[in-house]
Amino acid sequence: MINPTSAAQSPRPGPRTISTIVELNVGGEFYTTTLGTLIKFPGSKLAEMFSSPAKACMDAKGRFFIDRPSTYFRPILDYLRSGQLPSQHIPEVYREAQFYEIKPLVKLLEDTPQIFGEQVARKQFLLRVPGYSENLELIVRMARAEAVAARKSSVLVCAVHTEEEDAQCAEALRALEADKKSVVKFGPWKAAPDTDDLLHCVEVDIKAQGYTVFYERYPLEKVFRARLCPAFYTFIFTWW
């Protein structure tokens, strides 16, 4: 027989608390660390998650589950434990540090050559090229539109660094338009990197989307019997 008094005094399950030792499941890989390590930087997502455990997601074994790439969590954890900076996969770890909002690590990684070059030099250059992102998307759309039943497709690109180059290519652009040839035009831009630098960026950014692409100079003078205008290039996509 159950004693009513004992039943009344039985403790009810309280709010979830976190042990000093914490087991994690990050993208299917398991880690064991301490609560102090995870909440080391107030304001980070990890500190927020483990300061309010009721909001955390658990796997079937009771481990805290984080749905992020496991490969790049270990360098994050190493930094939280000992301040060790990663020596490999810097861009990927930088992206994860941004996601977890670990501001000291983000700042340190931004000072590395890989991130400094990308974020400060290259990114700032491309921000000075009017319509760069839109033109990049347009090149890909045009190439895909021509890919039906074809092994390769090509897109004509005009890249002019200065106002003077822009004026020199105006006649050729009109001739191409009259010949019903579509041209994606970049520039002019006010930054030191030249046309070769821009074309390299375009090629790299398209390849980063998974496409096989290269570019070559477009022989404008053979088509229009005009002097060579060095601003025209063909981006060639290979599909199979």
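Leaving aside neighbours within four places in sequence, which residues is Asp 166 in contact with? I looked this up and found Val 160, Lys 185 and Pro 188, where contact means heavy atoms within 4.5 Å.

**Ground rules**

I am working with a predicted model, in which local features need pLDDT of at least 70, side-chain atom pairs count only at pLDDT 80 or more, and totals for chains, interfaces and linings use all residues. Residues are numbered from 1 along each chain as its sequence is written, and side-chain values use heavy atoms, with hydrogens and water left out.

**Around Asp 166**

I placed Asp 166 in helix α9, residues 163-168. Helices here are DSSP runs of H or I with at least four residues, strands are runs of E with at least two, and both are numbered from the N terminus. The side chains of Asp 166 and Lys 185 are joined by a polar contact of 3.2 Å. That term covers a pair of N or O atoms within 3.5 Å; within protein, one must be able to donate a hydrogen and the other to accept it, and residues adjacent in sequence count only if both atoms are side-chain atoms.

Pro 188 sits in the loop between β6 (183-186) and α11. I noted a cis peptide bond between Gly 187 and Pro 188, with omega about 0°.

**Positive phi**

Most residues other than glycine have a negative phi, and most peptide bonds are trans. With that in mind I noted two residues.

- His 89 has a positive phi of about 55° and lies in the loop between α4 (73-82) and α5 (90-100).
- Ala 149 has a phi near 55° and is found in the loop between α8 (132-145) and β5 (152-159).

Buried or exposed? I used under 20% relative accessible area for buried, over 50% for exposed and partly exposed in between, with a 1.4 Å probe and protein chains only. His 89 is partly exposed at 43%, and Ala 149 is exposed at 86%.

**Helix α11**

Helix α11 runs over residues 195-207, has 13 residues and reaches 18 Å from its first C-alpha to its last, close to the 18 Å expected. The expected span is 1.5 Å times one less than the number of residues. Asp 194 caps the N-terminal end of α11, with a side-chain oxygen 3.2 Å from the backbone nitrogen of Asp 196. Among the buried residues of α11 I listed Leu 198, Leu 199, Val 202 and Ile 206.

**Aromatic rings**

How many aromatic pairs does the structure hold? I found twelve. Rings of Phe, Tyr and Trp (its six-membered ring) pair if their centres lie within 6.5 Å; planes under 30 degrees apart count as stacked, over 60 as edge-to-face and the rest as tilted.

Tyr 211 and Phe 237 form an edge-to-face pair, 5.9 Å centre to centre with 80° between the planes. This pair links distant parts of the chain, with Tyr 211 in the loop between α11 and β7 (212-217) and Phe 237 in strand β8 (residues 232-238), 26 residues apart. Tyr 211 is buried at 17%, and Phe 237 is buried at 0%.

Tyr 215 and Tyr 233 have ring centres 6.1 Å apart and planes at 80°, so this pair is edge-to-face. Tyr 215 is in strand β7 and Tyr 233 in strand β8, 18 residues apart.

**Cysteines**

I counted zero disulfides, taking a disulfide as a pair of cysteine sulfur atoms within 2.5 Å. Cys 57 is partly exposed at 42%, whereas Cys 169 is buried at 2%.
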